[in-house]
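Please open the structure in the viewer and keep the selection panel at hand.

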Amino acid sequence: MEKRCIECYSVDNRITPLLKPLECLENHTQYICGNCGRCICIEHDPVRGLQRWKFPFKLAEIAKLYLRTADFTNKKPCGIYEIKSKTGRISYKIFEDIKALEIYLKKNKDKVCEKMQPVFSDGEYVEYKDTQVRKLSPDEIKKYMSERK
């Protein structure tokens with residue numbers, strides 16, 4: 001079994017950004033893991049109030065790649081929940097706590113969370129001293145992209 005990073009929960013320290021990686025690294029603020037150096041988009045859209053971790057994910061493993069940014073944003077351990085639509089489509093969403101999940105479900109009557117428990121949560125929030133949240137320089141972007149598999 002591969003060893004996951006204690007801070008950002010990933011086994012691949014260059015897997016993110018998943019979509020349009022160069023564009024994301026050039027234009028968005030990144031959470032830079034203080035342990036493995038993985039960059040995770042933590043950009044906050046001030047108009048819509050959105051961050052990448054608030055979107056639904058097709059797989060729990062993909063949601064796990066963005067969980068640390070939710071933990072960091074909320075300064076507490078968040079959880080990944082399995083959400084099922086009335087059509088049977090399953091997705092995974094990150095919520096800061098059960099109350100946030102319940103609010104979401106009240107607003108989205110066509111969705112359910114059968115277990116009402118996270119499929120994954122680190123369970124404890126820890127601050128890491130070498131973590132950075134900032135935009136990368138062009139040289140850092142070039143180096144990061146060259147290290148991707």
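Select Glu127 to begin: in this predicted model, Glu127 counts as partly exposed because its relative accessibility is 47%, a value between the cut-offs of 20% for buried and 50% for exposed. Glu127 and Lys75 form a salt bridge, and their closest N and O atoms are 3.5 Å apart. This pair links distant parts of the chain, 52 residues apart: Glu127 lies in the loop between strands E5 (111-112) and E6 (132-134), and Lys75 in the loop between H2 and strand E3 (79-85).

Next, select Glu114 and Lys84, which form another salt bridge, with the closest N and O atoms 3.5 Å apart. Glu114 is in the loop between E5 and E6, while Lys84 belongs to strand E3, 30 residues apart. Glu114 counts as exposed, at 58% relative accessibility, whereas Lys84 is partly exposed, at 26%.

Now select Arg134 and Glu140, whose side chains meet in a salt bridge of 2.6 Å, N to O. Then display Arg14, Lys143 and Glu147, which are linked in a network of salt bridges.

Finally, turn to the nonpolar cores. The largest has 22 residues, and those with the most contacts inside it are Tyr66, Leu67, Ile80 and Ile94. Helix H2 (60-74) and strand E4 (90-95) each give two or more residues to this core, and H2 gives the most, with six. Select Ile80 to see its contacts, including Leu67, Tyr92, Ile94 and Phe120. A second, separate core of eight residues includes Ile83, Tyr104, Leu105 and Cys113.

Note on methods. Residues are numbered from 1 along each chain as its sequence is written. This is a predicted model: local features need pLDDT of at least 70, side-chain atom pairs count only at pLDDT 80 or more; totals for chains, interfaces and linings use all residues. Side-chain values use heavy atoms; hydrogens and water are left out. A nonpolar core is a set of buried Ala, Val, Leu, Ile, Met, Phe, Trp, Tyr and Cys residues joined through side-chain atoms within 4.5 Å. Buried means under 20% relative accessible area, exposed over 50%, partly exposed in between (1.4 Å probe, protein chains only). Helices (H or I, at least four residues) and strands (E, at least two) are DSSP runs, numbered from the N terminus. Contact means heavy atoms within 4.5 Å. A salt bridge is a side-chain nitrogen of Lys or Arg within 4 Å of a carboxyl oxygen of Asp or Glu. Lists of a residue's contacts leave out its neighbours within four places in sequence.
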